[in-house]
Amino acid sequence: MIVVGLPDKAVAESRERVRAALSAIGLTLPPKRITVNLSPADLPKEGSHYDLPIALGLLGAMGVIDAETLSAYLVVGELGLDARVAPAPGVLLAALHAAERELGLVCPAAQGPEAAWAATVEVIAAPDLLSLIGHFKGGAPLTPPQPGSADLPPRLADLRQVKGQETAKRALEIAAAGGHNLLMSGPPGAGKSLMAACLPGILPELTPAEALEVSMVASVAGELQDGRLLRARPFRTPHHSASMAALVGGGLKVRPGEVSLAHLGILFLDELPEFQRTVLDSLRQPLETGKVTVARANAHVTFPARVQLIAAMNPCRCGHLDDPALACSRAPRCAADYQAKLSGPLLDRIDLHVDVAAVSAADLVLPPPAEGSDEVAARVAAARAIQTDRYADHGVRTNAEADGDLLDTVAALDDAGRKLLAQAAEAMRLSARGYHRVLRVSRTIADLAGAEDIGRVHIAEALSYRRRAPVN
Ligand SMILES: Nc1ncnc2c1ncn2[C@@H]1O[C@H](COP(=O)(O)OP(=O)(O)OP(=O)(O)O)[C@@H](O)[C@H]1O
Ligand SMILES: [Mg+2]
């Protein structure tokens with residue numbers, strides 16, 4: 001028995017698994033030369049999910065199962081030597097694809113609840129090969145699986161825990177409301193990581209369509225647990241030792257990277273300057289286009305990557321640049337070295353730059369703030385609702401995604417506003433991208449205030465979050 005059609009090692013080995021699985025249920029392959037052809041022949045095949053289709057193909061050819069019946073199904077699954085059907089990544093995607101082509105789906109029992117999310121598909125979730133044969137021969141039909149639950153995970157942290165830091169909290173609210181990128185910079189222990197952890201709790205939950213989109217990426221990465229659909233926005237926090245393949249995808253198997261797993265959610269890069277420079281710069285393109293393409297020798301794979309980048313950093317190595325009492329002897333020189341690890345183009349993509357100052361003891365002993373994540377989440381939801389209405393016909397979700405003509409119409413300025421922005425753009429030497437990003441943030445600030453038109457106050461606030469010239 002040979003497998004042709006550019007199989008990788010895992011696919012080529014399926015030969016052995018299939019043979020063993022068939023003999024485990026008492027079937028022997030006919031004593032003939034068997035060729036399994038994976039078509040199209042020039043597309044490399046990776047992964048273990050070809051086992052079950054190969055086995056069923058053989059059973060069809062041997063006449064154990066009716067081959068005609070089989071042709072109405074799309075099949076994914078790995079086989080154990082004992083003929084058990086084991087989970088394989090990408091089942092949700094396969095189910096949606098089957099729905100498009102009006103086919104049924106045969107998948108591992110453990111992933112039935114995941115596949116069942118593609119509502120219109122007949123799903124056969126098989127625990128093992130024998131029960132599958134029983135099902136197709138009509139003796140013992142398998143019960144169709146129910147869609148898994150879609151629970152919201154518990155909140156990581158609440159804004160009520162954060163004392164002081166009013167500016168940073170406001171910036172967090174704006175970022176959440178419009179889907180803008182945010183960089184927090186400040187001394188150690190000021191609450192940067194804590195505030196970032198509050199963000200998932202103030203973002204609106206995913207709509208059903210978005211949940212399916214996000215779960216699809218997670219499914220391809222094999223990260224969907226018990227078929228539970230993800231309803232909370234993804235919050236990915238890769239460590240700063242992450243490689244380029246881990247962040248943008250690729251590697252041995254073309255697997256989605258962190259930036260894709262964070263699709264429609266947050267990519268939180270803590271200790272930003274500690275990341276490798278090339279790795280950070282590889283984010284430039286996905287941040288702009290909302291997708292990432294991994295090029296292989298003979299195939300290109302595109303994953304969605306519409307993320308909101310949240311980053312945190314210390315201003316210098318010791319972290320106390322702005323505090324003469326604590327700063328090291330090399331300040332402020334060392335800050336330039338430390339911050340130079342971040343490229344200008346990356347910083348230009350960040351809409352909101354905030355300095356998070358150390359909290360004073362006087363602030364820390366105060367009672368918790370009256371406002372927590374619930375109140376902020378309500379305002380964010382209201383601002384998001386305005387955007388959903390506004391962009392309903394434009395295929396855009398948030399202000400951060402509005403572009404070109406659309407941006408010009410939704411963020412139209414009056415004369416006073418235009419003058420202010422023009423002057424500021426000149427004085428702050430804003431790039432064209434920077435100019436448009438200020439417009440988008442102004443739009444969000446106006447939305448948060450419930451204002452129809454963008455006023456000077458909104459533009460002024462948006463400008464205050466723009467990056468200032470680097471220290472040197
Ligand atoms: N503003 C604050 N209000 C209340 N507690 C705070 C505040 N800032 C920090 N803390 C406390 O300090 C802990 C550490 O804060 P956090 O990890 O957010 O600091 P950081 O700014 O990320 O520091 P680093 O730069 O070292 O990463 C928090 O878990 C929290 O208990
Ligand atoms: Mg931190």
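Predicted model: local features only at pLDDT ≥ 70, side-chain atom pairs only at ≥ 80, totals over all residues.
Residues are numbered from 1 along each chain as its sequence is written, and chains are lettered from A and ligands numbered from 1 in the order in which they are written.

The secondary structure of the protein chain amounts to 21 helices and 14 strands (DSSP runs numbered from the N terminus, with helices being H or I of at least four residues and strands E of at least two). Along its principal axes, the C-alpha trace spans about 80 × 50 × 45 Å. Of the 472 residues, 48% count as buried (buried is under 20% relative accessible area, exposed over 50%, and partly exposed in between, with a 1.4 Å probe and protein chains only). Contacts are heavy atoms within 4.5 Å; among those between residues at least 6 apart in sequence, 73% join residues at least 24 apart.

Turning to the open spaces, the largest pocket holds about 1800 Å³. Its lining counts 48 residues, and K45, E46, H49, Y50 and V76 are the closest to its centre. Elements that give two or more residues to this lining include β2 (35–37), α2 (51–61), α4 (91–100) and β12 (300–304). By class, 29 of the lining residues are nonpolar, 13 polar and six charged. The second largest pocket has a volume of about 850 Å³ and is lined by 28 residues, with P153, L230, A232, R233 and P234 nearest its centre. Here α8, α9, β9 and α17 each give two or more residues, and the largest share, three residues, comes from α8. The lining of this second pocket has 18 nonpolar, two polar and eight charged residues.

Grid points are joined across faces, edges and corners, and a volume is the space filled by probe spheres set on the points. For the classes, Ala, Val, Leu, Ile, Met, Phe, Trp, Tyr, Cys and Pro count as nonpolar, Asp, Glu, Lys and Arg as charged, and the others, Gly among them, as polar.

Ligand 1 is surrounded by 16 residues, of which K163, G189, K192, S193 and N314 are the closest (a residue is near a molecule if one of its heavy atoms lies within 4 Å of it). A side-chain N or O atom of S193 is 2.7 Å from a ligand oxygen, and one in the side chain of N314 is 2.8 Å from a ligand oxygen. For L194, a backbone N or O atom lies 2.9 Å from an oxygen of the ligand.

Helix α8 (residues 192–202) is mostly covered, with eight of its eleven residues buried. Among the buried ones are K192, M195, C198 and L199, and the buried residues of α8 pack against elements including α7 (166–178), β8 (182–185) and α17 (373–390). In the loop between α8 and α9 sits L203, which is buried at 9% relative accessibility. Leaving out residues up to four places away in sequence, L203 touches A176, R233, I266, Q308 and R384. The C-alpha atoms of L203 and A377 are separated by 6.3 Å, although these residues are 174 apart along the chain.

Helix α6 (residues 129–136) is also mostly covered, as seven of its eight residues are buried. D128 caps its N-terminal end, with a side-chain oxygen 3.3 Å from the backbone nitrogen of L130. After α6 comes G138, with a positive phi near 90 degrees.

Some backbone details complete the picture. S39 and P40 are joined by a cis peptide bond, with omega about 0 degrees; P40 lies in the loop between β2 and α2. L264 has a positive phi near 65 degrees and is buried, with a relative accessible area of 7%. E271 has a positive phi near 55 degrees and is partly exposed at 29%.

How values were computed
Heavy atoms only, no water. 1 Å grid on protein atoms, 1.4 Å probe; cavity = no way out; pocket = protein on both sides within 12 Å on 5 of 7 lines; lining within 4 Å. Polar contact = N/O pair within 3.5 Å; in protein donor to acceptor, adjacent residues only side chain to side chain.
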